[in-house]
Amino acid sequence: MFKSGTLIGENVRESQNAESKADFIHKMKISAKEADEVEYWLLLCKHSKLLTSPNEEVFHDLKAIQLMLSKIISTSKS
């Protein structure tokens, strides 16, 4: 989860130095995929009897990040 979580920011940072609009969109899409992976891991933790369940604020913050990335991608395409 740490790897996926940090890759979101890494790819957003890389997108700031994108070589083209297509490269920017590609890097933002990678960030969105990593955010989806973080959600997967968080849900596993939530439903596991062996792991600590994340609080709802974590899910709320992740959803906000996912919505921002989605908006950036869709706006960049138009």
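These legends describe close-up views of a predicted model. Residues are numbered from 1 along each chain as its sequence is written, and side-chain values use heavy atoms, without hydrogens and water. Local features need pLDDT of at least 70 and side-chain atom pairs count only at pLDDT 80 or more, while totals for chains, interfaces and linings use all residues.

**View 1. The largest nonpolar core has 10 residues.** Its members are Ile-8, Ile-25, Met-28, Ala-35, Val-38, Leu-42, Phe-59, Leu-62, Leu-69 and Ile-73. A nonpolar core is a set of buried Ala, Val, Leu, Ile, Met, Phe, Trp, Tyr and Cys residues joined through side-chain atoms within 4.5 Å; buried means under 20% relative accessible area, exposed over 50%, and partly exposed in between (1.4 Å probe, protein chains only). Helices H2 (21-47) and H3 (56-77) each supply at least two core residues, and H2 gives the most, with 5. Helices are DSSP runs of H or I, at least four residues long, numbered from the N terminus.

**View 2. Helix H1 covers residues 2-15.** Ser-4, Leu-7, Ile-8, Asn-11 and Ser-15 are the buried residues of H1, and they pack against H2 and H3. Leaving aside neighbours within four places in sequence, Ile-8 is in contact (heavy atoms within 4.5 Å) with Ser-31, Glu-34, Ala-35, Val-38, Ile-65 and Leu-69.

**View 3. Asn-17 is in the loop between H1 and H2.** Asn-17 is exposed, with a relative accessible area of 64%. Asn-17 and Ser-74 are 57 residues apart in sequence and 19 Å apart in space, C-alpha to C-alpha.

Note on methods: The expected span of a helix is 1.5 Å times one less than its number of residues.
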